[in-house]
Amino acid sequence: MSVPSFALVGAGVIGKQHGLVMSRLTDRLSLAAVVDVIPDRASALAEARGGRPYTSLADALAAEQIDVVVVCTPTGLHGTVAIEALAAGKHVIIEKPAEVTVAKTDEIIAARDKAGTLVTVISQHRFDPSTEKTLAAIAAGEFGRVSSGIAAIDWWRGQSYYDSGEWRGTWELDGGGALMNQGVHTVDLLVAALGRPVEVFAYTGTLAHERIEVEDVAVGVVRFESGALGVLHATTSAYPGLSARLQVHGDRGSAVIDNDRLAFFHATPVGEAIEERLMGTTQVTSGGGGDTASSDPAQLSDAHRLQYLNFLDALAGTGSLRVDLETNRQSIAVITGAYESARTGRPVSLA
């Protein structure tokens, strides 16, 4: 039985990581084409991971039998590439976030509905064991009523990071700064834990970098449909770079996920009195302070492979897609709502 054939569009830092994932799944897929507007970059990645190099998706689709297109371009070009692939009847994997606005994300959704194919957005941290354990406890009622959460991304990016590409730090192609580019994964986990967001209020600032349009610090609060409240903090100005951290709190349990690891977990089984569990708190720790692995954009976790496997299972009809465009759309709505709130000084409804 033949395996699906992939085209990878965008051979930069993130594209290289996707190429590495695909090289570990050669029993489930084949990389037929690598596309990049810079020919040498496409050639280098194709030589390292397989496939033929091209400078346009149209050329790759005309020359190769492609089943799936992986979009790893700058964020503001995700929609253009994804819609081109969908118009050709292809399945699509999009690096996070799906696009820079809700409206552009909706355009991809419309194109997907017309094509009738699968689209997933990379949200690999939903596949981390720490996340799965936490969400399972919430779903089972072991946290009781979930009342609050904190999404904190305390990272550092030097000026050289923003100067490394003309698109970095622009509204048009980056879509935002610390909250959109670096923080979207942690915002996604906050939404996964607390449910549908309905309102956001935020402040943003550009305080430690030059020559960028977007924020390097953002703080905000989110109100959820359940009544739960969430706190946002995202920065690329926290030298030398700390961790991405999610806290979730309920009246029967809490969890803290720090750099993808479960740093604290306490859940009370349904039917058991919380007083009986007060001395039974389970605290899980690993690693020391100052671990900045997750702040490295080139860092690859096994969760990427797990998300690819989920997509391949859905493609084969042996599983269901765990992350779709609608899932990512909620996180984009929170982030773009935060930007609108920071511009206007008012809460923004997401309903």
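Reader: Why is R211 called exposed?

Author: R211 has a relative accessible area of 60%. Exposed means over 50%, buried under 20% and partly exposed in between, with a 1.4 Å probe and protein chains only; R211 is therefore exposed. This is a predicted model in which local features need pLDDT of at least 70, side-chain atom pairs count only at pLDDT 80 or more, and totals for chains, interfaces and linings use all residues. Residues are numbered from 1 along each chain as its sequence is written, and side-chain values use heavy atoms, with hydrogens and water left out.

Reader: Why is N259 called buried?

Author: The relative accessible area of N259 is 4%, which falls under the limit for buried, so the term applies. N259 also has a positive phi, near 50°.

Reader: How do you know how α5 and α11 are oriented, parallel or antiparallel?

Author: Helix α5 (residues 102–115) and helix α11 (residues 325–344) pack at about 170°, with axes 9 Å apart. Angles under 35 degrees count as roughly parallel, over 145 as roughly antiparallel, 65 to 115 as roughly perpendicular and the rest as oblique; α5 is therefore roughly antiparallel to α11.

Reader: What is the omega of the peptide bond from K96 to P97?

Author: Omega is near -25° there, and the bond is cis. P97 lies in the loop between β5 (91–94) and α5. A cis peptide bond also joins Y239 and P240, with omega about 5°.

Definitions and conventions. Axes are lines fitted to C-alpha atoms, for helices over the stretch in contact, and angles run from 0 to 180 degrees between N-to-C directions. Helices (H or I, at least four residues) and strands (E, at least two) are DSSP runs, numbered from the N terminus.
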